[in-house]
Amino acid sequence: SAGVELSKKDAAGVLDTVFSVIGKAIKDEDRFSYPGFGTFTVKERSARKGRNPRTGAAIDIKASKTVGFKPAPGLKQNLVAPARRRR
């Protein structure tokens, strides 16, 4: 941010490239880790029963894969606000 000037279009291009590389790494290796930021992993969801929220009818939900993210300890600490003291 300091001293870097990018247009929104250029910044979007950079982010598209970064997310493309992360997506390819996750697909090929089932995980992508960036030190100080966190780790993306493939998680498998088993088949399960669900309900159609509109009709209430029971439905079968197929097994699927999704991406999980675990933040690095440093990132997590930066996100947590200091606790307020009670009087």
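In which strand is the place of Ser64? Select Ser64 first, and its place turns out to be in strand E5, where helices (H or I, at least four residues) and strands (E, at least two) are DSSP runs numbered from the N terminus. The model is a predicted one, in which local features need pLDDT of at least 70 and side-chain atom pairs count only at pLDDT 80 or more, while totals for chains, interfaces and linings use all residues. Residues are numbered from 1 along each chain as its sequence is written, and side-chain values use heavy atoms, with hydrogens and water left out.

**Around Ser64**

With Ser64 still selected, colour by accessibility: Ser64 is partly exposed, with a relative accessible area of 33%, on a scale where buried means under 20% relative accessible area, exposed over 50% and partly exposed in between (1.4 Å probe, protein chains only). Show next the residues that Ser64 touches, which are Lys43, Glu44 and Arg45 when residues up to four places away in sequence are not counted; contact here means heavy atoms within 4.5 Å. Ser64 and Arg45 are 19 residues apart in sequence, yet 5.2 Å lie between their C-alpha atoms.

**The three-stranded sheet**

Now widen the selection to E1, E2 and E5, three strands that form an open sheet in that order with antiparallel pairing; two strands pair if DSSP finds at least two bridges between them. E1 and strand E5 (64-71) are the edge strands, each pairing on one side only, and the twist averages 25° from one strand to the next.

In the loop between H1 and E1, select Asp30, whose phi is near 65°, a positive value in a residue other than glycine. At 45% relative accessibility, Asp30 counts as partly exposed.

**The largest pocket**

Next display the surface of the largest pocket, which has a volume of about 160 Å³. A pocket is an open set of points on a 1 Å grid over the protein atoms alone where a 1.4 Å probe fits, with protein on both sides within 12 Å along at least five of seven lines, and lining residues have an atom within 4 Å of a point; grid points are joined across faces, edges and corners, and the volume is the space filled by probe spheres set on the points. Select Val18, Phe19, Val21, Ile22, Phe32, Tyr34, Phe37 and Phe40 to see the lining of this pocket. Helix H1 (8-29) and strand E1 (31-34) are the elements that give two or more residues to that lining, and H1 gives the most, with four residues.

**The E3-E4 hairpin**

Finally, move to strand E3 (residues 48-51) and strand E4 (residues 58-61), which pair in the antiparallel sense over four bridges. E3 and E4 form a hairpin with six residues between them, and Gly56 in the turn has a positive phi of about 80°. Lys49 lies in strand E3 and stands opposite Asp60 in E4. At 64% relative accessibility, Lys49 counts as exposed, while Lys49 touches Ile59, Asp60 and Ile61, again not counting residues up to four places away in sequence.

Terms used:
Axes fitted to C-alpha atoms, helices over the stretch in contact; angles between N-to-C directions.
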